[in-house]
Amino acid sequence: MKARDVVLVDGIRTAFGRAGEKGFFWYTRADDMVVKVIRELLRRNPQVKPEMIEENVWGATTQEKDQGLTLGRTSAILAGLPVDCSGFSVDRMCAGGMTAVTCAASEIALGACDIAIAGGVEHMGHHPMGATADPNPRFLTERIVSEDALVMGKTAENLHDEFPEITKEMSDEYAYWSQKKAAKAYEEGKIQKTIVPMTVYTKEGWVVADYDQQLRPDTTLEGLRNLRTPFRPLGKVTPGNASGLNDGAAGVLLMSAEKAEQLGIQPKMRLVAYAYAGVRPEVMGLGPVPATKKVLEKAGLTINDIDIIELNEAFAVQCLVFMKEFGFKMPNDERINPWGGAIALGHPLASSGPRLMIHMMHLFEENPSARYGLTTMCVGLGQGGAVIWENLMRK
Ligand SMILES: CC(C)(COP(=O)(O)OP(=O)(O)OC[C@H]1O[C@@H](n2cnc3c(N)ncnc32)[C@H](O)[C@@H]1OP(=O)(O)O)[C@@H](O)C(=O)NCCC(=O)NCCS
């Protein structure tokens, strides 16, 4: 069987709210956020009739309550997709949505379906990280992993230990740039294009959630320097140089290149190759390094062929390690996260993979000379995911 080309036609996300009672999604269900994204993808792409969607794949880290009952199926029914559209859910923690996209793309590539919706959601307010998890005690009693491996902020402190040349000052500077780049992209109206406003009920009444609630455009290096280090006394990881706790959903519309041509649709980008790789759980932030090496090899490319990189910012230190390993200018390189990243925008775990892809789609449009882009992210318990895309709007 010969693999077919898979293209990304469109992508959209909800705003990313602050998790918890002060967040604008506190009274909103996660599956309703998914439905909003699916409906918006259909609204924006009228050539694609609901009955043409054959598969609906969603990632979420906690798969229970409003994120349970096989989201891929429940959200298809709730969004009014035809009854014969199948759906399923996946979990690869932070890379849940990325995995949903690569699963759906693989189905399309092998001819199992022609058109699919895939995405990720995480309502970290309703589902605090790890709250209902029950890790096998053997992990700790038999010292299969250290206790640190289960607390992401501690794994980031461990990375600082392994790479002492990456200082706290560098992590703070990285975070500063993330905030400034996001603030500039917001000022220029760029990020607004990636968000579908959603009217939601809050303690203050009905409001429109149409911006990322965690943004701190006034961030200064001075302000970052003095923040507490919640993961280790006198540590290096702070609330300022880490991603936050957020609620959000993001999804994309995928189809075979043939189908796009048949429908007269100009696709935004082609999936060139993808790869996942494992690393030691205690330093999970290393994940994007081997995943990127693997995907570059599969694509027959080098890092120098990649014009734009969307690197998920779980922690600044983990991005700096990536930059160091591939020889980027630290702490800020114009090829990486030109519109800022998760430190500024938020990181509702499984939704971040598709969020990176949505940024890539717009960045390709903004940079018609760019050919290849990389979306990559680290994953709890030690994994990395990486997807290479080709710009189909290239001039
Ligand atoms: C780091 C973490 C514990 C902080 O949680 P929090 O205390 O609720 O965070 P807050 O947003 O309230 O910030 C804490 C303080 O830092 C300050 N702060 C945060 N970012 C700042 C910035 N850029 N500039 C100045 N101050 C900042 C806040 O104002 C707040 O100050 P206050 O306590 O005086 O109100 C939490 O965000 C976390 O666990 N992040 C990691 C998430 C994660 O592991 N994801 C998975 C990745 S694999």
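This report looks at a ligand shell, a helix pair and a nonpolar core in a predicted model.

## About the model

Local features need pLDDT of at least 70 and side-chain atom pairs count only at pLDDT 80 or more, while totals for chains, interfaces and linings use all residues. Numbering starts from 1 along each chain as its sequence is written.

## Around the ligand

The ligand has 19 residues around it, and Met152, Gly223, Pro239, Gly240 and Ala314 come nearest (near: C-beta atom, placed from the backbone, within 6 Å). Two helices, α5 (152-162) and α7 (221-225), each supply at least two residues of this shell (helices are DSSP runs of H or I, at least four residues, numbered from the N terminus).

By class, the shell holds 9 nonpolar, 9 polar and 1 charged residues. Here Ala, Val, Leu, Ile, Met, Phe, Trp, Tyr, Cys and Pro count as nonpolar, Asp, Glu, Lys and Arg as charged, and the others, Gly among them, as polar.

## Where α3 meets α12

The axes of α3 (residues 96-109) and α12 (residues 352-366) come within 5 Å and cross at roughly 70° (axes are lines fitted to C-alpha atoms over the stretch in contact, with angles from 0 to 180 degrees between N-to-C directions). The two helices are therefore roughly perpendicular (65 to 115 degrees).

From α3, Gly97, Met98 and Val101 meet Ser352, Gly353, Pro354 and Met357 of α12 (contact: C-beta atoms, placed from the backbone, within 7 Å). These residues divide into 4 nonpolar, 3 polar and no charged.

## Contacts of Val34

Leaving aside neighbours within four places in sequence, Val34 is in contact with Trp58, Leu71, Ser75, Gly119, Val121 and Ala249. Val34 and Leu254 touch the most other members of the largest nonpolar core, which has 130 residues (a set of buried Ala, Val, Leu, Ile, Met, Phe, Trp, Tyr and Cys residues joined through C-beta atoms within 7 Å; buried: 20 or more other C-beta atoms within 10 Å of its own). Helix α1 (residues 30-44) gives this core its largest share, 8 residues.

Methods: Angles under 35 degrees count as roughly parallel, over 145 as roughly antiparallel, 65 to 115 as roughly perpendicular and the rest as oblique. Two residues are in contact if their C-beta atoms, placed from the backbone, lie within 7 Å. A residue is buried if 20 or more other C-beta atoms lie within 10 Å of its own, exposed if 12 or fewer, and partly exposed in between; C-beta atoms are placed from the backbone.
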